[in-house]
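This briefing describes one chain of a protein structure and its contact with a partner chain. Please look over the structure before reading the points.

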Amino acid sequence: MAKTPPSTQTCLTDLKKGQAALITAMEMGDESLNKLVEMGLGVGRRVSLVGRAPMGDPVVIEVIGYRLAMRAKEARLIKVAPVEGTVRVTLGDGKNPPRPRRGDAPSKTTSIRKKTRPPTKRSPGKKTR
Amino acid sequence: MNATRPSADCHDPAPRKGRFDVSSLPHFAIAGNPNSGKTTLFNRITGLRQKVGNYPGVTVERKEGTVTASGVAFQVVDLPGTYSLSPKSEEERVAAEVIAGARSDLPPLHGVVCVCDSTNLERSLFLALQLIAFKVPVILVLNMMDELASRGGSIDLAKLKRTLGVSVFPISARTGKGLPELLDHLAVWARTGKPHPKRELPVVEPTPRAMNRQAQATRIAENVTGAAARPDTLSDRLDRFVLHPVLGPLIFLAVVLIVFQSIFTGAKPLMEGLDALFNGLSNLVTANMAEGLLRSFLTDGVIAGFGAVVVFLPQILILFLFIAVLEHSGYMARAAMIMDRLMSTVGLQGKSFLPLVSSLACAVPGIMATRTIENRRDRLATIFIAPFMTCSARLPVYALLIGAFVPDKVIVPGILGLKAVTLLFLYFIGFVAAMTTAFLLKSSILKSDRMPFVMEVPPYRPPAWRSIALTMWDRAWIFLKRAGTIILGVNLLLWFLVSFPRPEAAQDIKMSYAGRIGTAMEPALKPLGFDWKIGVGLLSAQAAREVIVSTLSTIYKVEAHDDDNKGLAKALQGAMTPLAALSLLVYFAFSLQCTSTIAIIRRETGRWRWPVFMFVYMLALGYVSALIVYQGGRALGFQ
């Protein structure tokens with residue numbers, strides 16, 4: 001399993017406000033990982049940074065349609081790959097489009113680094129929501 | 001841990017013999033995520049026929065209620081809110097045990113009602129899928145349908161029912177819509193169904209399976225979503241202010257101030273009213289009864305005892321009104337976020353702030369407020385340090401001693417005098433003791449399991465007032481029943497110690513049991529600068545701190561509560577040195593004297609080991625600190 005050096009990895013906390021990304025890795029122990037997966041996180045899931053608390057900590061993220069506050073120390077362990085441009089954090093725009101794909105949820109262990117590749121089913125011109 | 005054998009006194013509600021034996025009724029459990037409106041639903045359908053107790057040995061609360069629909073009666077258990085059945089936390093373990101029928105204090109269930117947040121179906125379905133996979137009979141209740149509809153969203157209920165194979169009921173627990181149909185179904189189920197056999201407990205779900213399950217939940221949610229709901233821009237717009245770097249903390253401060261002022265000052269008229277009521281009752285008895293032991297028992301024992309219990313009610317009710325409103329509306333999560341950074345420096349979390357601030361008024365409602373902290377260790381740590389926050393019962397004692405012994409020196413003309421500085425100093429050492437103890441606890445015996453701290457941030461919602469009223473009622477009832485009995489008992493004990501043995505005790509308090517205990521304690525008190533009279537005072541302060549003022553008045557034979565206790569102040573000036581007074585102040589700042597607090601700690605933690613531990617720890621701290629102050633001061637040449 002090839003490991004990219006940590007310094008080149010984007011963390012959840014590096015995202016800009018309103019920016020969406022796909023989770024590529026979660027560098028933590030099994031127990032912690034299990035808990036976060038039950039809360040909706042996990043490799044391949046779409047997540048966005050909604051904002052930060054006044055002191056900068058905790059950060060608020062949006063995942064599977066709801067919002068979570070997480071301490072920066074732990075959010076830094078979640079590595080992400082930003083998806084095209086900044087995406088407005090919404091639950092839909094009132095029309096009836098298909099929900100955005102979340103990527104495939106692997107049934108393998110989640111420490112496998114997922115190469116970021118552009119989602120294959122979309123073309124740049126089409127709206128994703 | 002005796003999870004399967006409840007002892008009689010902490011098994012609340014026990015099956016009541018005679019009139020109505022609820023243990024024989026069909027039982028249902030309500031499961032669901034926190035913030036899914038589960039409790040609002042429970043409150044709606046059970047109303048006043050609910051009881052709150054504890055599962056023995058854990059801090060998880062147990063809520064049960066009786067429902068009668070279509071002539072059928074059944075029992076509903078409100079499980080703690082959980083995101084998953086995987087038994088990792090205390091809440092999840094208890095919920096899993098109840099569902100599996102593995103608890104001996106609850107019969108096996110007829111079925112489970114899974115409450116889902118219809119505005120966030122894909123997350124809610126995770127738990128629902130777990131329940132279905134666990135093969136318990138389950139029905140789905142989609143709550144907050146009104147909110148979904150107002151945002152233009154819709155769900156294909158028939159499709160959801162087909163996909164999952166379970167009945168689906170759309171409701172709004174807040175408005176009551178959809179409830180009659182749900183209750184009818186439950187009534188039929190109760191009548192025609194039967195208890196599900198006992199199951200093996202679910203095991204912790206491995207991560208890959210959990211990931212698949214969530215993916216499945218997401219897929220199903222996508223498939224059954226008719227129209228996607230419009231985004232909740234109201235919450236976003238409000239959060240721009242509430243979580244603003246400058247405005248946020250200001251709004252927070254304002255909210256905290258309002259809550260505090262309400263408990264501190266707003267409750268005063270009610271408390272004085274109750275005080276007057278009990279005084280009036282006492283006077284009535286005094287006027288109509290012959291002088292003697294029985295009269296003294298009634299006025300100084302029973303009535304004073306009841307009064308000591310009931311006087312807390314206004315503060316508890318007001319505090320829980322605020323907590324309920326803050327939680328329902330969603331602001332509590334934002335407030336916890338704002339405080340989290342500060343609190344985590346000592347190892348606590350953001351939600352600890354409200355119990356601690358409330359403890360500045362009184363630790364009893366403050367400790368009850370720790371209920372909002374889900375993490376068991378953080379909750380215990382907060383309970384432990386709450387009594388260090390300078391509560392309002394200490395103030396009469398501080399006022400008396402500072403007034404009698406601290407000179408009127410001016411530090412900052414017009415603003416700060418030595419008396420005020422001393423008071424602030426006492427507040428300060430209380431706060432420091434609290435934070436230091438928290439740090440010590442969280443570094444050792446209450447160290448956090450290295451689980452990540454995550455907290456859901458729900459959308460802002462209007463509160464459900466009836467549900468709030470019921471919650472307040474629950475809290476008041478819990479307090480009266482559990483703490484009230486202990487407080488009353490201790491008050492009666494104290495009355496006994498002070499009034500007996502007859503007839504010596506009537507003439508000279510030194511001859512009473514309390515006096516004898518005080519005299520026996522004297523060797524331990526002398527190094528602190530105290531004598532047996534203070535000893536008796538400390539004994540009575542163990543019932544409630546402010547009682548020492550009236551006890552000392554009795555001992556020194558002065559009129560109690562005459563303008564600013566001038567009589568007592570004079571008497572004390574003759575009886576102890578200023579240094580001894582300082583030592584006494586420090587003792588009061590640190591030691592755990594309030595029986596009500598001890599009683600509530602017992603109730604909230606489920607066992608005696610915590611209040612005993614706290615009592616010993618704080619007694620030691622208080623004693624040693626007072627010792628250091630007095631002896632150290634003497635060594636340095638002070639008086």
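Chain B contains 26 helices and 10 strands. Its radius of gyration is 28 Å, close to the 26 Å that the globule rule gives for 639 residues, so chain B is as compact as a globular protein of that length. The model is predicted.

**Dimensions and packing**

- Along the principal axes, the C-alpha atoms of chain B fill a box of roughly 85 × 60 × 40 Å.
- Of the 639 residues in chain B, 56% are buried.
- Among the contacts in chain B with a separation of 6 or more, 74% are between residues 24 or more positions apart.

**Surface and charge**

- Chain B carries 65 positive and 46 negative charges.
- The mean position of the positive charges and that of the negative charges are 4 Å apart.

- The size of an interface is often given as the accessible area lost when the parts come together.
- For chain B and chain A, the area buried between them is about 4100 Å², with 59% of it on carbon and sulfur atoms.
- Three residues, Met211(B), Pro452(B) and Val454(B), supply 16% of the area that chain B buries against chain A, which is more than any other three residues supply.
- In the contact, 51 residues come from chain B and 45 residues from chain A.

Definitions and conventions
Residues numbered from 1 in each chain as written. Chains lettered and ligands numbered in written order. Predicted model: local features only at pLDDT ≥ 70, side-chain atom pairs only at ≥ 80, totals over all residues. Heavy atoms only, no water. Helix = DSSP H or I, 4+ residues; strand = E, 2+ residues; numbered from the N terminus. Rg over C-alpha atoms; globule rule 2.2 N^0.38 Å. Buried < 20%, exposed > 50% of the residue type's maximum accessible area, 1.4 Å probe, protein only. Contact = heavy atoms within 4.5 Å. Lys, Arg positive; Asp, Glu negative; His and termini not counted. Charge placed at Lys NZ, Arg CZ, Asp CG, Glu CD. Buried area = accessible area lost by both parts, 1.4 Å probe.
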